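I am opening my notebook on a new protein today. Let me look at the sequence and the model first.

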Amino acid sequence: MAAVLAYGPAAVLSHLSAAQHWDLRASASSLVDVTVPGRSFRGQRGIRLHQVRRLDPRDVTVKDSIPITTVARTLLDNAEVLRERQVERMIEEAERLRLFDMVAVTETCERNRGRRGLLP
């Protein structure tokens, strides 16, 4: 939570840290992934900062009192940084935990066109 608070009210837990918080994938990284809209932020020790032009409110939720990307947005974010098989395993785990929602994934992908994690 401290990492998210360090970047203000629009910041959210994301990427590998969000996947771990959703129990989709374990992470041994000591860095905390935080996404924040805007380009004027500076990195801080212990935080892997992801700056985006815009973060749609539909891609954000709260889990355990921590602002976090939705499962669908978490999958999309990780599709940019992980190998395909690793993302497939995350999807399988999301299905096992009954967190996977194909409609939400489709809508998230449509809202975030141009991302590297999307297939052409």
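My entries on confidence, a helix pair and a hairpin follow.

**Entry: ground rules.** I noted that this is a predicted model, where local features need pLDDT of at least 70, side-chain atom pairs count only at pLDDT 80 or more, and totals for chains, interfaces and linings use all residues. Residues are numbered from 1 along each chain as its sequence is written, and side-chain values use heavy atoms, with hydrogens and water left out.

**Entry: confidence.** I looked up pLDDT, the predictor's confidence in each residue, from 0 to 100. The protein chain averages 91, and 96% of the residues score at least 70.

**Entry: two helices.** I checked helix H3 (residues 71-79) against helix H5 (residues 102-111): their axes come within 8 Å and cross at roughly 55°. Axes are lines fitted to C-alpha atoms, for helices over the stretch in contact, and angles run from 0 to 180 degrees between N-to-C directions. H3 and H5 are therefore oblique to each other (under 35 degrees is roughly parallel, over 145 roughly antiparallel, 65 to 115 roughly perpendicular, the rest oblique).

Entry: I found S4 pairing with strand S5 (residues 66-69) in the antiparallel sense over four bridges; pairing takes at least two bridges found by DSSP. Val60 has Thr69 in S5 as its bridge partner. Two residues lie between the strands of this hairpin, and Asp64 takes a positive phi near 55°.
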